[in-house]
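Student: Please take me through this chain and its helix packing by question and answer.

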Amino acid sequence: MSGARRTLGFSWPALVALAALAAPRVALHDLDVVPEGTIVAALLAIGPPLCWVAAVLWRRPPRPFLTLVVVGALYGVFLAVGHQVFWDSSLGMDAPGLAGLAPGAREALLRGAAVMSSLVTGTMVGVVAGVVAVLLVRVLPAPPDHSRRPASP
């Protein structure tokens, strides 16, 4: 059993897949395909973390909080990459307070800040989901494990 599966309850590919559930929101938001304040935008924002919590409730990893912090951090990577890919169409270089900087320095500063912001945002989404999961794990019974068979006499 791998270290990730033993500690986090999921394999690395499963953790990345859980984080990737939130990736479409990045593109749809950055390209203004889904307007803010709509039901679809809310579902894209809240749906993936709810799926993360559901996966933890179903799987019952030994460290549910850590598991979802890791998923959130991975989501932060997706968020950072998405913002970089869609930079020109969504974020761009509009920073009047930095007008005195050379364009290359301004772009590097803004892109670096966007990456850091994305990593923090993703991780904090994981923290909130992790807190919710820990509270629910404490109050909800574990689902029956049909893979275990009664011991033979």
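Student: What share of the contacts in the protein chain with a separation of 6 or more comes from residues 24 or more positions apart?

Tutor: This is a predicted model, in which local features need pLDDT of at least 70 and side-chain atom pairs count only at pLDDT 80 or more, while totals for chains, interfaces and linings use all residues. Residues are numbered from 1 along each chain as its sequence is written, and side-chain values use heavy atoms, with hydrogens and water left out. Contact means heavy atoms within 4.5 Å. Among contacts with a separation of 6 or more, the share from residues 24 or more positions apart is 73%.

Student: How many helices and strands does the protein chain have?

Tutor: Helices (H or I, at least four residues) and strands (E, at least two) are DSSP runs numbered from the N terminus. The elements run α-α-α-α-α-α-α from the N terminus on. The count is 7 helices and 0 strands.

Student: What percentage of the 153 residues of the protein chain count as buried?

Tutor: Buried means under 20% relative accessible area, exposed over 50%, and partly exposed in between, with a 1.4 Å probe and protein chains only. For the 153 residues of the protein chain, the buried share is 31%.

Student: Are H4 and H7 parallel, perpendicular or oblique to each other?

Tutor: Axes are lines fitted to C-alpha atoms, for helices over the stretch in contact, and angles run from 0 to 180 degrees between N-to-C directions. The axes of H4 (residues 39-59) and H7 (residues 103-139) come within 9 Å and cross at roughly 40°. Angles under 35 degrees count as roughly parallel, over 145 as roughly antiparallel, 65 to 115 as roughly perpendicular and the rest as oblique. H4 and H7 are therefore oblique.

Student: Which residues of H4 make the contact with H5?

Tutor: The axes of H4 and H5 come within 11 Å and cross at roughly 145°. On the H5 side the contact involves Pro64, Thr67, Leu68, Val71, Gly72 and Tyr75. On the H4 side it involves Trp52, Val53 and Val56.

Student: Is Thr67 buried or exposed?

Tutor: Thr67 lies in helix H5. Not counting residues up to four places away in sequence, Thr67 touches Leu8, Phe10, Leu15, Val56 and Pro61. Its relative accessibility is 0%, so Thr67 counts as buried.

Student: Is Ser118 buried or exposed?

Tutor: Ser118 is found in helix H7. Leaving aside neighbours within four places in sequence, Ser118 is in contact with Gly76, Leu79, Ala80 and His83. At 3% relative accessibility, Ser118 counts as buried.

Student: What distance separates the C-alpha atoms of Val128 and Pro49?

Tutor: Val128 is found in helix H7, and at 54% relative accessibility it counts as exposed. Val128 and Pro49 are 79 residues apart along the chain. Their C-alpha atoms are separated by 8.8 Å.
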